[in-house]
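Subject: A structure for you to look at

Hello,

Here is the structure I promised to pass on. Please open it next to this message, and I will walk you through what turned up.

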Amino acid sequence: MSRHLVTTASDRRNAARWLWSLLVFALLAGATLAAWRWQSDIANTAREESHIRESAAQTAEIRNHLRLQGQFLRSLQAFATASGGQDPAAWQRFTKEIDIARNLTGLFAFAYAPAVNPAQRAKFLAAHAASGQRNFEIHPPPGNELALPITFIAPDNKDLRSAIGFNLLSENVRREAIEQAIASHDITLSGPITLITDQKTRRTSFQLIQAVYRPGMPLNNVAERRRAFSGIVLCAYHVDEFIASLSHNWHSQFGLKIYDDGGNYRPDPPVPPQLMFTSQTASEGETSEQILHHEIDFGGRNWILHYGQALEPAATRGLDTAKLILYGGLLASLSLALLVFHQANQRQRAERYVRRITTDLRQSEERLRLANAGSNDGLWDQNLQTGEEYMSPRMAEIFGIPATAMPDSVAAYIQRIHPDDASKRRLALRRHFRENTAFDVELRIIKPHSEEGWVRVRGEAVRDGTGKPVRIAGSVSDITERKHFEAALLAANLLMQSVLDAATEVAIISCQPDGLITVFNKGAEKMLGYSATEMLGRQTPLIIHDPQEVAERADELSRELGEPVAGFAAFVAIARRHESEQREWSYLRKDGQRLTVALVVTAQRDIAGEICGYLGIAVDISERKEALRELQLHRDHLQDLVAERTIRLDEALRQAQAANIAKSEFLANMSHELRTPMHAILSFSELGKDRADASNHDKLAQYFDRIGHSAQRLLALINELLDLAKLEAGRSNLNHTRTELLALIRHAGAQLDSLLQARKLTLAIDCVTPHSEIVCDPLRIEQVIHNLLANAIKFSPAGGHIAVQLFASQLPGGQPDENGKIQPALGIRFIDQGLGIPPDELESIFGKFVQSRLTKTGAGGTGLGLAICREIVALHRGTIVAENSAGAGACFTVTLPLNPWTDQSGQHE
């Protein structure tokens, strides 16, 4: 029984020890998990905030870089407008003022391309040949469409010269961007393209494009801008070089992918976003899930930026603070639980052990707190009395020293300060010790491999009762990236100033939101007579404007906007709401002279989207306005003269038409009266010839024979004249039926075979269409064929060749049928090897009694045959035209519709 009680008590004590151990472990493990969770939340929150700031900063830098390039493109557009764009020497001088590699980082090339219409192309190419560019050509050939060949590109090198003459409208992505630039009157961003110089490497690129317009032409809507369009300026970029030119380190904590999501006009069906850039290749590892998403809307297109956290190799992953707390806390909890279990009966010793562990933990927590507080800076501490020194590991990282070679003294770090900045550190430290001024100095350092960096050194001395420094401690911050950004910003500002100074024919004035002038370029000085010193920070644009004109504009805006507008607000009220405004204003020079200018005012915004100022760009249009006024006066006078002459011409035309109708009706009615005497003359001439032959009077028979031939010719003339009169008067009835046109041609050739053999001519009839049937009057159409073929025989040289071609065609000039479609037709082409027709007579030879000056040989002909042919063809709703063959001779082409008497239902009228 007692043994059982003892065993029970022992079990209870063992259970109590286990219970206490488990309780201690549970409490400490719970506290560890809570601390781990708390520290993890803090780290995650800090990491998320850091990612948001970093991605926003990177996105803003890309957007600002695009805007900076846009400003440069606008300066190119202003230069092209001011100089006309056609002077290569002016472009070369402009290019020499710009250091692309230094001032325009990321820019691959910029170029100018004029608009060349088909009618101006020959003159354009001739001008380039005359200027020494004999090998200049437009490629690919534009056909009968508008072309935009590149005529200037910079920088000048062998690869870029291959782009000279390239027609930018020959490729769909460039064409879409150019069309949008013309329509929007603003900078346009193209989709992903491959530059001409990258056809082998296929590097992804894009272009910024802005249209150039003819000065003085209105640009209020898309139609007016298309009429005023004279060319484009563009900037070309490789996407990878453009991103690499930015100051951010894209391989630090993010994997960046950029997609092009298309322009404002979405295709149907929609096209997925196109990948333009990725910051990691397959060999560098893939990017984890997307954690942030940004978009950049610029130049009419949308870029989507995906930021993903780059995966680190397992070998490079370390233990963060939260994991250290978790592992260390669990290990400490387990150790304490074991100590409680094993030393439950040794309470005093356990308490001492716990106090020691607690003290160690507090010291570790204090060191951990200090390490967390200075995680981004290196810490240093010097005891000036004992010489004891402390440097945190972060110091070695900042100075680029491996952890295995970390110096053991502050002096080793001081030796790495740039020699030119060593005196600056000593002076700042001496003043801090003597005058107790702040010890805060920025220094250059020399890292291993001669790499240069920047650090900010701060410190504070601890003094004894007499004020003597006995100890000094401080921190070192890495500011290399900040210094690089400041240098890039300074370069951008210098570039912008050089661009502003180069625009000497354009006044560019920038103001603060309150109107105080901050930019006054050389062009403004030249235009207005004021110097920049007189204007910057001292005046507002009110000094160069007509006060009465400003007051009238302010009253107009007050009524339009429903709020009071006065003073400087009259210039920017519209731009404040709509980003920009273009308007004509009057400028007053310093000497009192008045100028008329076209002024564009644009609101400038910061990263947050708030207005930080206004930019005004003005072009002097005084001479243009005066020329337009004089032109208007001449045009009004010319309109009066044209109206008066039109009235006289209409009256003369009416009288001529009436006379022509009367003549045609007279000749048609006189058909019987004219022919009857001629038949009598022919009959008596034949009778007289027969009797003269019977009585052997040869001389008399010859006279009667001449009378007969002359009467036959006169009768033929009368028949042709009467036939033409009937056709013109509309009294000729057509008997239309389905007719094989090829059979008519062969029949006419057979009738004229004797003439062909007499002149030793060959006739070739070529039919290149399987269907030669049309609806027509076969007698009239055979009359046309016979007349044209007879003319070809008459004017061809002996032993020559005549070709007749029958082919499928359409009505020339795009004549629509009743259904609004192009009407199918058959064409007949008569080609001879004669003298041809002078170019100025190709239309006049179809007139009545008209013969070509080259064919007036006295061999016969009335000059009515072609006029009759045209009337017959016109009655069939067809056309007949004359032209010269490529070699020698004339070519007459007759085009007849397949069925000119078909209504919309397809039935005959």
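In which sense do strand β24 and strand β26 pair, and over how many bridges? Residues 824-831 make up β24 and residues 890-897 make up β26, and the two run antiparallel over seven bridges. Within that pairing, L826 has L896 of β26 opposite. Please keep in mind while you look that this is a predicted model.

**The chain as a whole**

Let me step back for a moment. The chain has 909 residues, and 38% of them are buried. It holds 25 helices and 26 strands. If you take the contacts between residues at least 6 apart in sequence, 61% of them join residues at least 24 apart. The chain exposes about 51,800 Å², with 54% of that supplied by carbon and sulfur atoms.

**The sheet around β24 and β26**

The two strands from my opening question belong to an open sheet of five strands, in the order β21-β23-β24-β26-β25, with mixed pairing. At its edges stand β21 (762-767) and β25; each has a single partner strand, so one side of each is left without a neighbour in the sheet. From one strand to the next, the twist averages 15°.

A helix lies over part of this sheet. Helix α22, residues 741-751, lies across β21, β23 (801-810) and β24. Its direction is at about 175° to that of β21.

**A pair of helices**

Next, have a look at α24 (residues 778-795) and α25 (residues 865-875). Two packed helices are described by the angle between their axes and by the distance between the axes. For α24 and α25, the axes come within 10 Å and cross at roughly 145°. The crossing of α24 past α25 is left-handed.

Which residues meet there? From α24 come R780, I781, Q783, V784, N787, L788 and N791, and they meet G865, L866, I868, C869, I872 and V873 of α25. Sorted by type, the residues of this contact are eight nonpolar, four polar and one charged.

R877, in the loop between α25 and β25 (879-884), has a positive phi of about 60° although it is not a glycine.

A second open sheet of five strands has the order β11-β10-β14-β13-β12, and here the pairing is antiparallel. The edge places go to β11 (389-391) and β12 (439-446); because each has a single partner strand, one side of each is left without a neighbour in the sheet. The twist in this sheet averages 20° from one strand to the next.

Inside the sheet, β13 (residues 452-463) and β14 (residues 469-478) pair in the antiparallel sense over nine bridges.

N436 sits in the loop between α13 and β12, and its phi is near 60°, a positive value in a residue other than glycine. S392 is in the loop between β11 and α11 (393-398). With a relative accessible area of 7%, under the 20% cut-off, S392 is buried. Leaving aside residues up to four places away in sequence, S392 touches D377, G378, L379 and M406.

**Two cis peptide bonds**

Finally, please turn to two prolines. The peptide bond from H139 to P140 is cis, with omega near -5°. P140 is found in the loop between α4 (121-130) and β2 (152-154). The bond from A154 to P155 is cis as well, with omega near 0°, and P155 lies in the loop between β2 and α5 (158-161).

That is the tour. Enjoy exploring, and do write back with any questions.

Best wishes

Notes
Residues are numbered from 1 along each chain as its sequence is written. This is a predicted model: local features need pLDDT of at least 70, side-chain atom pairs count only at pLDDT 80 or more; totals for chains, interfaces and linings use all residues. Side-chain values use heavy atoms; hydrogens and water are left out. Two strands pair if DSSP finds at least two bridges between them. Helices (H or I, at least four residues) and strands (E, at least two) are DSSP runs, numbered from the N terminus. Axes are lines fitted to C-alpha atoms, for helices over the stretch in contact, and angles run from 0 to 180 degrees between N-to-C directions. Buried means under 20% relative accessible area, exposed over 50%, partly exposed in between (1.4 Å probe, protein chains only). Contact means heavy atoms within 4.5 Å. Accessible areas come from the Shrake-Rupley method with a 1.4 Å probe; for residues, only the protein chains shown count as cover. A crossing is left-handed if the near helix is turned anticlockwise from the far one by less than a right angle, and right-handed if clockwise. Ala, Val, Leu, Ile, Met, Phe, Trp, Tyr, Cys and Pro count as nonpolar, Asp, Glu, Lys and Arg as charged, and the others, Gly among them, as polar.
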